[in-house]
Structures are given as structure tokens and as C-alpha cells.
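Visitor: I would like to go through this model with you, one question at a time. Please state the criteria behind each term as we reach it.

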Amino acid sequence: MSTPRSHHPASDKAIDTQKPKPIIWTISGSDCSGGAGIAADIKTMHSLSLSLSLNLSQDNVEICTLITANTSQNSECLIAVNPVATEILDEQAKLLIKDKPPTAIKIGLLANDHQVNWLIELLARLKQQDPALITVYDPVANASVGGKFSQIDPVAIQTLLPYLDVITPNLPELEALTCLKTETQKDTEKSSGNKLEKTTEQAALQLLYQGVTTVVVKGGHSNDIGTCLDSAYSLVENCDPASKTQLNTLKVSSERINTSYSHGSGCAFASALTLLLAQGYLLRDALTLTKAFINQGLSQNVGKNRYYGAFAIGGFPTDDRYFPDVVNSYINLPKSGFPSLGLGNGIDNGLCTDSSNKSCKEKEEKLGLYPVIDSLDWLKKLLPLELNIIQLRLKDLPFDEIDRQIAQAVKLTSNTITRLFINDYWQLAIKHGAYGVHLGQEDLADADLKAIANAGLRLGISTHGCYELLLARQLKPSYLAIGAIFPTVTKDMTGQIQGIENLRHLLTLQQDIPIVAIGGINLERAKVVANTGVDSVAVVTAITRADDYRKAVRALKAICQ
Ligand SMILES: Cc1ncc(COP(=O)(O)OP(=O)(O)O)c(N)n1
Ligand SMILES: Cc1ncsc1CCOP(=O)(O)O
Ligand SMILES: [Mg+2]
């Protein structure tokens, strides 16, 4: 499965227009009432794709349909399935392969074993031709309105698993696929939450060992009436099946939305996930956005007196209230978060100890330009240019030298208006009393966040997409960085290029935390980035490789103010 977002060219306009248009096949049943199946798939993918682009006229997906069954159902009952012959499906697939080869395939209702066997052959062929093909299977077994869709032999499904990137069972479907009991057991008092979760995890593991790459378990049918937890499980690459830490788990949880208008929400879930993966979102972000999309649809029907009970398909979710909580494993979290940067709110920015120094006490409106530099030489050159913030990002130096340079940098910036952030070395930042620390996602795992907060240091955190942003937001940091906005020569950011549209979407989740944009930002791109409303623009080479760094700083400062 290819998950990284594609590299975007320089300008905003080019970013809007030059994304490859994915072709998505949906192999699913038709619901004559239009709420689920193929109809839900088409509506979901077009609606998401149209609203994904800020330029609303651009529908960035091509959808082809292979209908497996013509079902007779409405919002109250399912009375017939009527499978389509595999000869017809095969004829259609052969035609489509010629001029519309798929980027991704969303699979829904499979009506019988013949169809499963046909699909296995088809996927084997297509995956051989294009190993990047994304396949997502929603193993619909029962209709939400009651009634069984198919009597497929579980062994046939097991043979299908190696050709699937993602399978999206709800808890009853997971039980049916694995013969393991999960959280749907009514017996909640006897079994602790943890024990139940283990069983779900074990069931997911079983499917992973049978060959599917990722199992996304939808928690809608769990006994927990307060929350709804969706989890994605995949194996750590090259893991030893005997080892105990072999699972990668992502969990997103939301308050449960009580509505009976959910007909078609499973199809919408798998379709949204397929579209987002085909658009290049990483699994963690595709999962988070899909959950937000589903919450948005379910919320729209709460308390309304509608005559038909279908899930409401909206656009790309941008409203914070629909986004789930990312379940974190942070321990030792400081309760009240980290100090603010004292921007334009009358709060002392904490930089000045000399009360006679007037300029030092001034409050800025915006953080503005944020140079990230790798030496004391650069710090000395930039300090006279009166920047609100600078980061010292030292790499590949002996520890003693890093210690010495950080101590010196703190001295040089004391009693200036410049906030000095130290990258990575949080202990040395505390030791020498720096203004703040910048940490990446991996750095966070080893950092003592309480010690940083207790020492009164500010904290900036790198994020790359909505999952990490929601995760980092829980720490109440002093700022959040989003990157890389564009491809950059400074650091390998393969698969993490956000683009301007995604930056705009992410800004809707910032709450009151200042946002710093970083990665591949030069003078020309800085205008587009600043126009999104970010609080700060961080750059390395736009300054360090400029012909005239003073001129570059002046120009960038003017854009970013
Ligand atoms: C402002 C800002 N944003 C992002 C980064 C990257 O930090 P990190 O992910 O920890 O990577 P390294 O810089 O350590 O390579 C940053 N330094 N500053
Ligand atoms: C450190 C870092 N983190 C994300 S992108 C990046 C490098 C930014 O450098 P440049 O401004 O030269 O693209
Ligand atoms: Mg780091």
C-alpha cells in the first residue's frame, strides 16, 4: 500500500491542480434505498474529494462500480440479496483494467463464495501489476436493518486476506471472522475492560497473521455506552511472531453519538478511509479523518425527525468538535501544560530581567519569522536582526561541544527580545536555563515533560498531520509546528509533506495554540504560507543559503509579521 502524501510542487495553485487523480473501484452491493452500498460509497468519495480541495470545483477522484448484488431493502428490512454472476463482474473488470486501472479498491458486500474466489484471482493479478494498489475490505455480514447478506465460508475469506491492505470489521464482524469473543459480550461486569481489549487485539492479530496488513476495528457495537473507540492494528515490520511487542496500535476515541440514523455508515467509513489513503494520507491521519467524518454524519441526525434513517454524508471534516481524541500513552504529564510565548496578550514574554531595558519588555503581536540554525556563528549574525524567536538545532557534535554551545547561546540571548529554543537536548536546555525546548514526536517518548514544565521552559512540538497534532495538543505545548509544508533539502521528510491545503485544514484544530509552519519555505512560498494565518514561519536554508542573509531576513520578516 502506498500511503505517503505525494510531493507537491512549489506554488499554491500548482498544489491544487497537480495532484494525481486517483481511480477508485468500488466492488459492493446496490441498496435500492440509496442509504448504503454503492450509493453510499459514491456519495462519500465524491463529497469528501470535492470538499478536500479548498477550490470546491475540483473533484479529485474517479469512481468505477462493480456491483456484486442487487439488494431489496429499505430503512426497516432487507428482503433479498440477488447476487450478480461472476462472469458479469469479470467482464466489467476486464474492461476497466484497460482504461481505468485502479489506484485503490473498496470492497463491500460479497454475496457468495464464487464472488470471493473471483475477487481473489482479480486482486492477485492487479497486485502483481501494481504493488502500490490499495485494497480495503468492509466485511459486511449483516444488514444494519436486520438480515444476513451472505453465507460466505470463513475459509474463503481467509484466502482473501493476503490480498488486502485494510479490513474494517465492526466487533460482531470481527467475532464472525475469527471465532473469538470480543467486547460485544454482554458480560461486562465479569470481564474487565482490559481483558476485553486483549481479546479484540488477539482477534486482530489472528487476521494479521493470516495476511492482511491492517485491521481497523470499529467500536460502534461495544458495550461502552459512553465512548466509541476505533482501533487500527498492524504488525511491526519484520517482526518475529514469537515476540510480544509486535503490534502497532492506533486508537481514536469519541463520545458515543446516539442516533438510529446510521444506515450506511459502515460503507461510508470504508469508502472515506479508501479515498483518503488513495489521496496519499498516512493511515493514522486517514483513520482520524474518517472517524471525524463519521462523527460529523452521525451528529447531523441526532434529535431530528427524519423520515428515512440513512447516515448523513457531509464534506471533509474541519470542525474541531467532530475530531476524536487520539489515545495516548504519555505518562507523567504536566497538568497545566507549558508556559505561553507571551504574544500580543499583555503577558510578559518572560525574556527580560533588566527592568530598564524598554525594548525588551515590548509585546509582539505575532511570533513571525523563526530561523532554525545550527551554530553559534549563525546566532551571533542573527541576534542584531531582532527576531522574536530562534532555534538552535545542533546535530552530529560531541556532547561536550553541544553542552558548551547551548550554555553560550543562552548567554548570548539573555536580555534580548529573542526567545531561544533548543532542539532535542531538553536536559541541557533546563541545565542552562534556555527559554524553551523543541521536541519531535520521537523525542517526546524519551523526554521528562514534567521536568521541562517544572523548570518553567516553553515546549514546541513537531507534528506531521492531524493524528500527531491532536496527540501533541493534549500536552498543551507553547506552540505546535506543522511540517514539512513543502519538500525540503534539509531533512528527509519522505511521506510527511503536508501541502498548503492540509495546513489550512490543520489550522482549524489549533485551538489557542500558536502554529509554526516549517519545511521547504522560501521567500516566494512564505507569502502563501503566511496567508493561511499561521503564527510563525520556520526556515533553515531560506536564510542560511541566501546570497545575502540580512536581506533575506528582512524580506521574510516583513512577510511573516
Ligand atoms: C520549528 C520546528 N519544527 C520542526 C522541527 C523538527 O523537529 P524534529 O521532528 O525533532 O526533528 P529534528 O529537528 O530534531 O531533526 C524543528 N526542529 N523545529
Ligand atoms: C527540521 C525540519 N523539520 C521539518 S522540515 C525541517 C527542515 C526545514 O528546513 P528548510 O527550511 O531548509 O526546508
Ligand atoms: Mg528532534
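Guide: Helices (H or I, at least four residues) and strands (E, at least two) are DSSP runs, numbered from the N terminus. This is a predicted model, in which local features need pLDDT of at least 70 and side-chain atom pairs count only at pLDDT 80 or more, while totals for chains, interfaces and linings use all residues. Residues are numbered from 1 along each chain as its sequence is written, and chains are lettered from A and ligands numbered from 1 in the order in which they are written.

Visitor: In which helix does Asp443 lie?
Guide: The UniProt annotation "binding site", from an unreviewed entry, covers Asp424 and Asp443; such positions are given in the numbering used here, feature names are shortened, and annotations may be inferred rather than shown by experiment. Asp424 lies in the loop between β13 (419–423) and α13 (426–432). Asp443, by contrast, lies in a helix spanning residues 441–446, namely α14.

Visitor: Is Asp424 buried or exposed?
Guide: With C-beta atoms placed from the backbone, a residue is buried if 20 or more other C-beta atoms lie within 10 Å of its own, exposed if 12 or fewer, and partly exposed in between. Asp443 has 16 other C-beta atoms within 10 Å and is therefore partly exposed. Asp424 has 20 other C-beta atoms within 10 Å, so Asp424 is buried.

Visitor: Which residues come nearest to ligand 1?
Guide: A residue counts as near if its C-beta atom, placed from the backbone, lies within 6 Å of the molecule. The elements giving two or more residues to the shell around ligand 1 are β11 (368–373), β14 (436–439), β15 (458–463) and β17 (515–518). Of the 18 residues around ligand 1, the nearest are Gly440, Ser462, Ala481, Ile518 and Ala538.

Visitor: Which residues are closest to ligand 2?
Guide: Ligand 2 has a shell of seven nonpolar, six polar and one charged residues, where Ala, Val, Leu, Ile, Met, Phe, Trp, Tyr, Cys and Pro count as nonpolar, Asp, Glu, Lys and Arg as charged, and the others, Gly among them, as polar. Of the 14 residues that surround ligand 2, the closest are Thr488, Thr490, Gly519, Val540 and Thr541.

Visitor: How far apart are the centres of domain 1 and domain 2?
Guide: The protein chain is divided into domain 1 (22–326) and domain 2 (358–560), with bounds that come from an automatic or database domain assignment. The separation of their centres, taken over C-alpha atoms, is 39 Å.
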